[in-house]
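Please read these notes with the model open beside you, and check each point against the residues as you go.

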Amino acid sequence: MKNIELVIFDMAGTTVRDQKEVETCFAQACKFTYLDVTEERILALQGYSKIEVFRMLWNEKIGETHTNFAKNVQYSYENFTRILEEHYLNHSILPTDHCLEIFEYLRANHIKIALTTGFYRKVTNIILNKLGWLEGLNSDYFNASGKGIIDLSIASDEVEKGRPQPDMILKAVKTLGISDIKNVINIGDTPSDLQSGKSAGVALSLGICNGTHSRKQLEANPNDGLLADLSELKAYLS
């Protein structure tokens, strides 16, 4: 595809190695705040804005009209953020296989790189800082100098709606001045990543199969291709 100007990547599980930390921290927060959620359900909700997930879970348990609904949602979310931040601050964070290689390839071919995530900005920055990917980004997390690792970072709390809605993708396209949504590839490791790309109307909405979801789990969702790892992205760009 000769006209690609931008590749948008998810973070956890796509460009940041998944060690089940999100599922583990989420399960701990649910248990601590008396939400009974199966491992399968937690996995299915990967990629979504976490505050929206807690709204969904508490709505299912007590209904959004319950007097304690908003209080319970906030309590669960605050416990999740505390647990997650402590984890990332105290554990190693690594890029996924072939991630840095594909970043270099895109840079060499003058294709911009944006990262989107279901995380909120504080934990996003913890991760980016540990990886050295905050380099070159300004206060809007936009790389105006062109000297950093990535060109843009967007967190789910910086748009009106997180995944599976396309808001983060559309913001990246607008911020980076991309001429046509059909000059964009979106790639992620969850069904919500694939749905977001399809909703945005990108050229290709691709799934990566070495993150949180397997090929079998992803192939049930509309997609334009499933990759074993990020090295296979080159074939879609040549």
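This is a predicted model: local features need pLDDT of at least 70, side-chain atom pairs count only at pLDDT 80 or more; totals for chains, interfaces and linings use all residues.

1. Residues are numbered from 1 along each chain as its sequence is written, and side-chain values use heavy atoms, with hydrogens and water left out.

2. Two packed helices are described by the angle between their axes and the distance between the axes. Here the axes are lines fitted to C-alpha atoms, for helices over the stretch in contact, and angles run from 0 to 180 degrees between N-to-C directions. Helices (H or I, at least four residues) and strands (E, at least two) are DSSP runs, numbered from the N terminus.

3. Helix α1 (residues 21–32) and helix α3 (residues 50–62) have axes that come within 13 Å and cross at roughly 40°. The two helices are therefore oblique to each other, given that angles under 35 degrees count as roughly parallel, over 145 as roughly antiparallel, 65 to 115 as roughly perpendicular and the rest as oblique. In this contact (heavy atoms within 4.5 Å), Val22, Phe26, Ala29 and Cys30 of α1 meet Lys50, Val53, Phe54 and Leu57 of α3. These residues divide into seven nonpolar, no polar and one charged, where Ala, Val, Leu, Ile, Met, Phe, Trp, Tyr, Cys and Pro count as nonpolar, Asp, Glu, Lys and Arg as charged, and the others, Gly among them, as polar.

4. Helix α1 also packs on helix α4 (residues 69–90), at an angle of about 140° and with the axes 9 Å apart, and this pair is therefore oblique as well. The α1 residues in the contact include Cys25, Phe26 and Phe32, and among their partners in α4 are Phe80, Ile83 and Leu84. By class, the contact of α1 with α4 holds ten nonpolar, four polar and two charged residues.

5. How many disulfides does the structure hold? There are zero, a disulfide being a pair of cysteine sulfur atoms within 2.5 Å. For cysteine 30, the nearest cysteine sulfur is that of cysteine 25, 11 Å away, and cysteine 30 is buried, with a relative accessible area of 1%. Buried means under 20% relative accessible area, exposed over 50% and partly exposed in between (1.4 Å probe, protein chains only).

6. Glutamate 23 lies in helix α1 and, at 11% relative accessibility, counts as buried. Leaving aside its neighbours within four places in sequence, glutamate 23 is in contact with Asp18, Ile42, Leu43, Gln46 and Thr212.

7. Helix α8 (residues 191–200) is mostly covered, since seven of its ten residues are buried, including Pro191, Leu194 and Ala200. The buried residues of α8 pack against several elements, among them β1 (6–10), α7 (167–175) and β4 (184–188). Just after α8, glycine 201 takes a positive phi of about 85°.
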